[in-house]
Amino acid sequence: MNSDSDLQIAGDILEVQHLLQPARKHPSTVAEFAGLARSIGADRTQWAPLVRYDATTRWYHRLRTVPRALGSSRAGGTPFGYEVWLLSWVPGQGSGRHDHGPSSGVLTVLDGRLTERTESGTRVLDSGAQRVFAPGYVHEVVNDSLEPAVSLHIYYPGLTEMPMHLAQCAPAALDAAPA
């Protein structure tokens with residue numbers, strides 16, 4: 001029986017510097033953007049003191065802007081730039097049916113409950129839920145609950161347009177569909 005350990009066979013991985021991935025300064029994959037949203041959400045001290053509730057208009061606050069990096073193909077560069085937004089929703093407030101132009105995004109519910117309506121149905125998003133979307137994704141987000149809600153949105157590249165769409169996303173028959 002051979003008693004060689006992985007370490008004896010392969011050597012110390014920390015000694016093989018070319019195999020180690022450099023830590024990214026900014027996210028560049030969907031999973032990394034979703035992870036960034038979760039890490040910001042987990043640190044209430046970063047966002048909770050900023051939240052305001054406004055019954056007359058939707059409140060929002062830009063938490064972070066990272067511009068598009070020059071020479072973004074370099075390792076560690078931010079290929080698209082991105083923005084992080086904090087939004088509050090009092091009961092009954094909604095976004096209207098819209099898309100995000102050329103931006104992809106991650107929506108994370110930090111507090112409360114939101115409802116997302118799309119052409120394919122309705123989904124209830126409780127605190128901690130995340131939605132990831134690509135350019136052209138049409139949806140409506142609304143606070144259908146009786147309590148205020150807070151959400152975090154990351155757009156990459158940064159949000160430059162938000163075209164509104166007139167028709168309702170989900171017909172009444174789809175509103176009862178399970179999430």
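Reader: What makes β3 and β6 a pair in this predicted model?
Author: Two strands pair if DSSP finds at least two bridges between them, a strand being a DSSP run of E of at least two residues, numbered from the N terminus. Strand β3 (residues 104-111) and β6 are joined by four bridges in the antiparallel sense, so they count as a pair. Within β6, Gln130 stands opposite Thr108.

Residues are numbered from 1 along each chain as its sequence is written. The model is predicted, so local features need pLDDT of at least 70 and side-chain atom pairs pLDDT 80 or more, while totals for chains, interfaces and linings use all residues; side-chain values use heavy atoms, without hydrogens and water.

Reader: Why do β1 and β6 stand at the edges?
Author: The open sheet has five strands in the order β1-β2-β8-β3-β6, with antiparallel pairing. β1 (59-66) and β6 (130-133) each have a single partner strand, so one side of each lacks a neighbour in the sheet.

Reader: What makes a pocket a pocket, and what is the volume of the largest pocket?
Author: On a 1 Å grid over the protein atoms alone, a pocket is an open set of points where a 1.4 Å probe fits, with protein on both sides within 12 Å along at least five of seven lines; lining residues have an atom within 4 Å of a point. The largest pocket has a volume of about 190 Å³, which is the space filled by probe spheres set on points joined across faces, edges and corners. Of its 15 lining residues, the closest to the centre are Arg58, Leu87, Tyr155, Leu159 and Met162. β2 gives the most to this lining, with three residues.
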